[in-house]
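Please open the structure in your viewer and follow the stops below in order. Each one says what to select and then what is there.

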Amino acid sequence: MIALIIFGAVFVFALGCSIAMLFAKNAVHTALFLVGSQVALAVAFLLQGAHFVAAVQIIIYAGAIMVLFLFVVMLLGVDRSEVLVEPLPAQRQLALALGALLAAGITYIALTSVDLIGADRTQDLAAINRNPGNVLAVARTLFSRYLLGFEATSVLLVAAIVGVMVLARRVDSVTALGAEAPSSEEREVA
Amino acid sequence: MPEFTPPQVQLAGVAPEITLLVSALILLIVDTLIGERPNRWFLPVMATAGLVLAGAFAASTWGDNELQLSGAIALDGFASFVKISLAVFGLLTVWVGRDYLVRDALEDSEFYALVLLAVAGMMLMAAAADLIIMFLALETFSIALYVLVAFKSGSLTSQESAMKYFLLGAFSSAFFLLGIALTYGAVGSTALYGGRDPVSEPGIASFLSTSPTANTGLLVLATGFLIIGLGFKIAAVPFHAWTPDAYQGAPSPITGFMAAGTKFAAFAAILRLFDATLFSLRAEWRPLVIAIAVATMIIGSVLAVVQDDIKRLLAYSSIAHAGFILTAVIAANDRGVSGALFYLATYGLAVLGAFAVVSVVSGQDEARVRLAGYKGLFFDHPALAVALTLFLLSLAGVPVTAGFFGKLVVFGAAVQASYSWVVAIGVITSAIAAFFYLKIMVRMYLEESEGESSPLPIGRLAAGVIAITAVATIGFGVVPGPLLRAAEDATMFFQPAPETGQAPLGG
Amino acid sequence: MTLSAYLPILLLIIISTIFAVASIFVSSKLAPSRWTFAKRLPYECGIVPEQSDERERFPVKFYLVAMLFIIFDIETVFLYPWAVVYQELAVFGLIEMVVFIVILLAAYVYVWRRGGLEWAE
Amino acid sequence: MTEVAPGYYLALAGLMFSIGVIGALVRRNAIVIFMFIELMLNAVNLMFVTFSRIRGSVDGQILVFFVLVVAAAEAVVGLAIILVIVRRRSSANVDDVSLLRW
Amino acid sequence: MNDLPFLDLTLFLPLVGALVMVLIPKRWEALLRLAALVVTTATFVASLGVLASFESGTPGFQQVTELSWIPEWGIGYITGVDGVSLWMIMLTTFLMPLCILTSWTIKTQVKPYFILLLTLETGMLGVFSSLDMFLFYVFWEAVLVPMYFLIGMWGHGRRVYAAMKFFLFTLAGSLFMLLSILYLYFASQGSAAAPTFDYRSLVGTPLALEVQILLFLGFFASFAVKVPLVPLHTWLPDAHTEAPTAGSVMLAAVLLKMGAYGLIRFGIAFFPDAARLLAPAIIALAIVGILYGALIAIVQHDVKRLVAYSSVAHLGFVVLGLFVGTIQGMSGGILQMLNHGLSTGALFLLVGALYDRRHTREISEFGGLARSVPVLAGIFLIVVLSSLGLPGLNGFAGEFLVLLATYQSYGWWVIPATFGIVLAAIYLLWAYQRVFHGAVSIEANRNLEDFRMREYVMFVPLVALIVAIGVYPKPFLERIEPSAKQIVRQLNDASVIPETRGLAEAP
């Protein structure tokens, strides 16, 4: 019963925050609503026995990534520059139709999917969470079965690091990061 | 369940990727250690060494056929073929890029490092035997490419197109991810193949071979979303909106690399996923892929006709080519897979060559990319014009070029699979496509150049790349046998269970 | 492990929220507020500031460091579970993590040498 | 404690994903579009966790980590690209960026 | 039978010559011209070897060369010659030196011009001698590219438009042929045998009638454009008129024959049932073409355009002969192909000679030329008479046979066809009269130089051949007839189909 109430609250809060994102005029508000829905999701993770993931969701997602979003939004002041313009006449209607279709489809599949999949094995997961425990189970699987994925993320991160370094130098040539030679953008300006 | 047992670690499957990662890191660090130099020749040299070594590693495992690293990587001829091709594409990109960067005063170690990382991601994509690895690989090369598209500093269009590319790319990967999630839900794993025991080591292939068809509903839905995610990367309609902008905004060598490499990697994933793993579900995914292929061929070639910027034109042409290759995916037979590999390899060479020419002709800061800029090119720079003609003829599929044979094998596969009507559409759109390739040739040969001909500095590396790709385009056109044989050897996907085997021959 | 284990966290959230809201409320009630026209002006020295784009020209360093922080922050996701099973993983796990760290460390060296972390111009 | 059936979680995930799609297509501010894409990723994460529960294995939870890393990398690079554009012309409005041309 | 592979020598001599000429600096124009002449003459000599070792009286293929090319796809290099192709090959090699000679007046871009001309020759010869469908298609398309450039770069007036139109019409048609070839290829796959592109094995592939019709239409799309049959002819007047003289000659004399040749060799041989079923419709189109071409020719005021439209009419006779279904018709049609090549080729050469002197092709700009250039006028008359089928000259034998055959099979259908001959007399003689007779109204026509040595060299053999065929057609017909007989049997007798599998295994 308690679980049901908590789930109800999570459901309403997560969905409410998501819908509010659609209508928030201000980018900062959008970001805050996103944080809200992410926190709600973290609780949903907890409810389903994914304890470590829930913590990570809060720490990294809501705590770091969204902070970066807010940081950029606020320092750039993009909130002021948002104008709602329609580039294609029917894009909004199209998007709503597509979204509604998608929502209906996925929800239908979701509500019936347990039958599709076969037996619900929630109890197995609960057993794993009791012994050896969520983090331990995650760690064991992560560092064996997903060894390659784990190492591959480092490549991804390296690409992102290098990318950020390149892009930072594209911001403005005045900010001579590595004492760059005057690039062609200055030629064009001149 | 999870008692920890250290997995068996064999590095042969990922040796090329490791090589590329290591050489990228070395390259970055060495550059900072050496400091400012007027001529940083060592950068392309190191990148070349890394790519050659990676290609050699990929070649050394030719003929192997096994799963490695807990079933995350397939070490098979298919992966080797794609990896070798990608290494070659990377090499050509690096060489053209070097001349381009020097000319526009943009040379940075990051360019080479990102190309290497992108190639590594693409290679991983081709070898991935697990959807999550596929996803990570896709993201790795996508992120590298977002940055490479934005690499020009002269014009804002470069960054703007990168933003569009990025937003649409991220959007599409969310769909791909949704597909992965649903697959995981349906199968209980993201592994493509799975182990012998479908309960303890689940995988898509073993799931499909053991479970009754009624249980595949969720997997079919997942397949739809996976198509969306990969459709973006191959620039299939209706997921093509980023292509013209990104192709136009990116530095020309990178545009060529995207056209050749991204397409190859994404198609490798599509072929492995659809023509091997999900083969038994072909009745479900085929209609969708056919619809996409037809739309892609038509939209790509029709919209290319009205372009007057050569990079946008080639972008639409690359969309049309994605449609042509999709006909081989539809065929879902051995000839289709080998045909697609052959097509992608030769298309990559031709398009890299074409963009090498574009990169040379465009001049400083890519000022000359309008079709009008190609007027009378034959009279000013006959060699460039002849080379570009060759690439265009190959793209148009005119005989004695490799592109013709590619079209033949790809269309042939679809005819064999009794999809002649799709090929008929392909044939009509090829004729339309010929029109816009011809348009460029008209400019080059049949019209006088405007104003005085300005000298075009042609770097030795770029000239070399153009020569290599031109020779290859003709060579694989006249003697397609060896490459085709290699592609046919490569069609052996890793097959743990006989049920996931190839399409039966026969039309 | 049930949700009841998270009860202290919930309590903490509730208490801290109450405390924050209450302190704002209380201070606004208790503090003397005697607003004058001069106090409402942006600057008291008499010069009205221009409505300029004050958000412009933030040094790009701020963004760069923030972004690099996020990337290296991600490592903790993997480090924590690794630390939990470190005993069990033994040498194999150590090698695994060392490879991961070394790759990112190399990237870090590159960033450092390239001047990505230098604050001064 | 009685559990709520996993189907409802999947439904929540599906709805959030759909909202993400709508938002990404409807909104015109690049950063906001990107936020909706993040919402889509979050919805997928919920799906992974729920399927992990249905399947009785932790694999799904691990996949969330990978999504997380990808999201972070995308965020960093994406925001950097947007940053470049905004700093070089003071707007992150998608339409100014001459998009959606044929 | 013969020691030297004369056929393959003939086939590749021009290409080798072209490759060698690439090495000659473009400033040495005289050497380039001479080299082209030497190469084409040598090719002609080599083709005389083919003629000499040709055994008349046997229907099958002779002098067959068979090499493996792309075994993976059952593609071979197979060439051979029979009664149908023999004269086409001879015609090509015979006219080519004359085209080189008439191109002496080309002053711009000499090097690429001659290289393209030689490449064109290999392409045309390849079309006539290929016995492998893939090889055939390669040559078929290979003809397209040099001709496109010849028209586009050295043509007159609306050359760009004409070149584009030529290229796109032909390519669009041939792509449908490619589709049909692919279908046929897979249909040829027996229970044990791998599919093949070998013409000799493909003949007699059992096909359902509706499939036959579809495939026939696929081939027909390509050949009907080339011939051209009436609704698809619109590229022809433009291409013929705007092309340089040598291009016009090759278009009229050889390229059009490629279409007719294809209809015989592939259309009828592969799909006899479909051909028989569709024959009335095709004959109707042919007759429409005869009348339409003739009527339009009458009102032309550009002498070259007039000749171009006369080709539409003449080719109507050819197609008529091929599809009436008798041996006379077939032989006559094939002979008419040769005759039209000679007559119309000569006409275009003569118009070119006129153009060189007056730089105009308007009939009204001429008048009374017989006085200033009597030799040219005399030869023009002979050629005109041959073209309109005067007994004793070459045109008569072919047209007579065709009309006779039409009468036998289709009765009154012969009347409109015969009317075409009357019309031909009208437009040709009327044009001749306006150009060479009457008063000299324009001063520039008064003092024109008559034939030079180069032109004598060109026209004496041509006229000799025209007279020879007219007087004594037997040696030509006796080489044609066995093959014609064979094809007519295929067309008329469906029960022959299973037996024809072995038709090529003639000694």
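In what order do the elements of chain C run from the N terminus on? Select chain C and trace the elements from the N terminus, and they run α-α-α-α, the secondary structure coming to four helices and zero strands. Chain C has 121 residues, of which buried residues make up 21%.

Before going further, keep in mind that this is a predicted model, with scores of ipTM 0.86 and pTM 0.90.

Next, select chain D together with chain A, where the contact takes 70 residues from chain D and 80 residues from chain A. On the side of chain D that touches chain A, helices α1 (6-26), α2 (30-55) and α3 (59-88) of chain D each supply at least two residues, and the largest share, 23 residues, comes from α3(D). If you colour that side of chain D by residue class, its residues divide into 47 nonpolar, 14 polar and nine charged.

Now move to chain E and colour it by pLDDT, for which the mean of the chain is 85, with 96% of its residues reaching 70 or more. Among the helices to pick out are α4 (residues 110-129) of chain E, where confidence in the chain is highest, at 91, and α14 (residues 369-372) of chain E, where it is lowest, at a mean of 80.

Finally, select residues 495-507 of chain E, over which pLDDT stays under 50 and for which the model has 22 contacts beyond four places in sequence. Where pLDDT is low, the predicted coordinates should not be read in detail.

Notes:
Residues numbered from 1 in each chain as written. Chains lettered and ligands numbered in written order. Predicted model: local features only at pLDDT ≥ 70, side-chain atom pairs only at ≥ 80, totals over all residues. Contact = placed C-beta atoms within 7 Å. Nonpolar A, V, L, I, M, F, W, Y, C, P; charged D, E, K, R; others polar. pLDDT = per-residue confidence, 0-100. Buried ≥ 20, exposed ≤ 12 C-beta atoms within 10 Å, placed from the backbone.
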